[in-house]
Amino acid sequence: MSLDPSFVGRTYPPTAPYLVGREKIREFATAVGATDPAHHDPEAARALGHPDVVAPPTFPVIVTMAANQQIVDDPALGVDYSRVVHGDQRFAYTRPVVAGDELVCVNVIEDVSSRGGHGFLTTRTDVSTVAGEPVVAVWSKIVVRREEA
Amino acid sequence: MELPVQTFRVTRADLVRYAGASGDFNPIHWSDRTATGVGLPGVIAHGMFTMALVGRAVAGWAGAPDAVVDFGVRFTRPVVVPDTDEGTEIEVAAVVKEVTEAGLTRLDITATCRGEKVLSQARALIRTPR
């Protein structure tokens, strides 16, 4: 499917803050089998210099995937979500996410292209605290598969 | 330098638990009917679940839960998870590409399922283990 390349460079308004809960980090860590005590026990996290339990590296996708709905639900861009597959994913951390963080996402469309009838959309989501401290930049590339004739 | 291979078993129960914890309820990760309806061989793992397992492997090699500075992958092949007690297995291997003077280590990572690569361009930058 064809996506409008004029969307490259578009920045979306900041999302409502996401409060990172200690139990959410524990639940996510358990779901991915991350047993290190720093994901579960605040004392173990503090021993590593963090204020509360530390999220596993891919945890921010919970926040950014929700934030990216701004883009995939944008009727002007016209992504058919039933045809979306995940292409690439990258996280560049200023610091790990910890329980108690209140995170705000700003979405930017970095690239839009079409090849072989498939659409490709690369977004960068800058995740920072409500106080403006950068935490992690998250890139996601999705492929919108062409419709079969 | 090659790092020790780490192996992760993946069952349907893991996918259900990951769906709940992550909020990704796409039915191709739990419904064979939906998965085969869109041309997949069957239920597949969330790409982000595979990436999370690779993240565990990276943390294991780093020897710390908070050592990852940069982490990226490309999803190239779906991980099909049969509805059996055994499910399937993902093998994660890595080589050290570079150790910088700034105290960082660059890893090139390989993830395979049933002998086939499921990721490409999988790389992590970690704080060098002490």
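Strand β4 (residues 104–113) of chain B pairs with β6(B) in the antiparallel sense, over six bridges. Strands count as paired if DSSP finds at least two bridges between them. Strands (E, at least two residues) and helices (H or I, at least four) are DSSP runs, numbered from the N terminus. Within this pair, Ile109(B) stands opposite Ala122(B) in β6(B). Strand β6 (residues 119–127) of chain B is also joined to β2(B), by six bridges, and these two run antiparallel. Here Phe71(B) stands opposite Ala124(B) of β6(B).

The model is predicted: local features need pLDDT of at least 70 and side-chain atom pairs count only at pLDDT 80 or more, while totals for chains, interfaces and linings use all residues. Residues are numbered from 1 along each chain as its sequence is written, and chains are lettered from A and ligands numbered from 1 in the order in which they are written. The model scores ipTM 0.97 and pTM 0.96. Chain B averages a pLDDT of 96, and 100% of the residues score at least 70. pLDDT is the predictor's confidence in each residue, from 0 to 100.

Strand pairing also crosses between the chains. Strand β2 (residues 68–75) of chain B is joined to β2(A) by five bridges, and the two run antiparallel. Ala92(A) stands opposite Asp70(B) in β2(B).

In the interface, 28 residues of chain A are in contact with 25 residues of chain B. Contact requires C-beta atoms, placed from the backbone, within 7 Å. On the chain A side, α1 (22–32), α3 (61–67) and β2 (84–93) each give two or more residues. The most come from β2(A), with eight residues. This side divides into 17 nonpolar, seven polar and four charged residues. Nonpolar covers Ala, Val, Leu, Ile, Met, Phe, Trp, Tyr, Cys and Pro; charged covers Asp, Glu, Lys and Arg; the others, Gly among them, are polar.

Helix α1 (residues 12–22) of chain B has Asp14(B), Leu15(B), Tyr18(B), Ala21(B) and Ser22(B) buried. A buried residue has 20 or more other C-beta atoms within 10 Å of its own, all placed from the backbone. Seen down the axis of α1(B), the buried residues fall within an arc of 130°, so they line one face of the helix. The arc is that of the directions from the helix axis to the C-beta atoms. These residues pack against α1 and α3 of chain A, together with β1 (2–10) and α3 of chain B. Gly23(B) follows α1(B), with a positive phi near 85°.

In α3(B), 14 of the 16 residues are buried, so the helix is largely enclosed by the rest of the structure. Gly63(B) follows α3(B), with a positive phi near 75°.

Technical notes: Two residues are in contact if their C-beta atoms, placed from the backbone, lie within 7 Å. A residue is buried if 20 or more other C-beta atoms lie within 10 Å of its own, exposed if 12 or fewer, and partly exposed in between; C-beta atoms are placed from the backbone.
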